[in-house]
Amino acid sequence: MIKKILIILIVFILILLPLFTILLLNHLIFSYLYDKLDLKDYNNIEKKDYLNKVSQIVWYFFNNKPFLEMQELSYIEKIHMKDVKTLICFALFVFILSIMGILIFKKQVDKLIMKQASFIALAIVALILTFSLTNFDSAFIIFHKILFRNSFWLLDPSTLLIRLFPETVFMNLAYVWFVSITILSILIIFLVSM
């Protein structure tokens, strides 16, 4: 029974994490959000400069530098980015462990397990989505309090990170992620039911 739960958890993780990484690395999404959310009006940064800064931040998560080297960032912003990088590295580590787990347990991964993991993903997305649609601010704060052990995520609205990534950017990224997970989960359920 414990092995089955572990395999369901592994499949569940493999549903969630790749979509997050693809979302994070997608230059087109940030370009679209810049236009859709009128970020130039909000942050007074030209689109090309905005996308360049976002790319610098995203690629920092995948390099070996301890701190993000961007002049406009305050010390607290750099510490927060280091904390975010630690979380992303942990998520990638869990993803790699999950791939190894799938390879180890590949004979036990059957249609029922795929379906159960997909239903769990759908249920969790439904819960989080319902909560975030009713009060995204509270969901955003709870998310940060769970993931960060300090208050460096409470940045002044004038800081570069807040100007680049206002809450509406996170809200839109979260909804795209939720929709992607929903589509992938439904697709898996449909395919394994055939």
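Biologist: How are H7 and H9 oriented to each other?
Modeller: In this predicted model, helix H7 (residues 136-147) and helix H9 (residues 167-193) pack at an angle of about 85 degrees, with their axes 11 Å apart. H7 and H9 are therefore roughly perpendicular to each other. Angles of 65 to 115 degrees count as roughly perpendicular, under 35 as roughly parallel, over 145 as roughly antiparallel, and the rest as oblique. The axes are lines fitted to C-alpha atoms, for helices over the stretch in contact, and the angles run from 0 to 180 degrees between N-to-C directions.

Biologist: Which residues make that contact?
Modeller: Phe136, Asp137 and Phe140 take part from H7, and Glu167, Phe170, Met171, Ala174 and Tyr175 from H9. Contact means heavy atoms within 4.5 Å. By class, the contact of H7 with H9 has 6 nonpolar, no polar and 2 charged residues. Ala, Val, Leu, Ile, Met, Phe, Trp, Tyr, Cys and Pro count as nonpolar, Asp, Glu, Lys and Arg as charged, and the others, Gly among them, as polar.

Biologist: And at what angle do H2 and H4 cross?
Modeller: The axes of helix H2 (residues 27-36) and helix H4 (residues 47-60) cross at roughly 140 degrees and come within 10 Å. That makes H2 oblique to H4. The contact is made by His27, Phe30, Ser31, Tyr34 and Asp35 of H2 and by Lys47, Tyr50, Leu51, Val54 and Ser55 of H4. These residues divide into 5 nonpolar, 3 polar and 2 charged.

Biologist: Serine 31 is in that list. Is it buried or exposed?
Modeller: Serine 31 is buried, with a relative accessible area of 15%. Buried means under 20% relative accessible area, exposed over 50%, and partly exposed in between (1.4 Å probe, protein chains only). Leaving aside neighbours within four places in sequence, serine 31 is in contact with Lys47 and Leu51.

Biologist: Changing topic to the backbone: what is the phi of aspartate 38?
Modeller: Aspartate 38 has a positive phi of about 50 degrees although it is not a glycine. Most residues other than glycine have a negative phi. Aspartate 38 is placed in the loop between H2 and helix H3 (39-43), and at a relative accessible area of 45% aspartate 38 is partly exposed.

Biologist: What about asparagine 44?
Modeller: Asparagine 44 has a positive phi of about 55 degrees, and it is not a glycine. Its place is in the loop between H3 and H4. Asparagine 44 counts as exposed, at 64% relative accessibility.

Biologist: Where does valine 94 lie, and what does it touch?
Modeller: Valine 94 lies in helix H5 (residues 75-104). It touches Ile13 and Leu17, not counting residues up to four places away in sequence.

Biologist: Now the whole chain: how many helices and strands are there?
Modeller: The chain has 9 helices and 0 strands. Helices (H or I, at least four residues) and strands (E, at least two) are DSSP runs, numbered from the N terminus. Of the 194 residues, 37% count as buried. The C-alpha atoms fill a box of roughly 50 × 35 × 30 Å, taken along the principal axes.

Biologist: What conventions apply to the numbering and the model?
Modeller: Residues are numbered from 1 along each chain as its sequence is written, and side-chain values use heavy atoms, with hydrogens and water left out. As this is a predicted model, local features need pLDDT of at least 70 and side-chain atom pairs count only at pLDDT 80 or more, whereas totals for chains, interfaces and linings use all residues.
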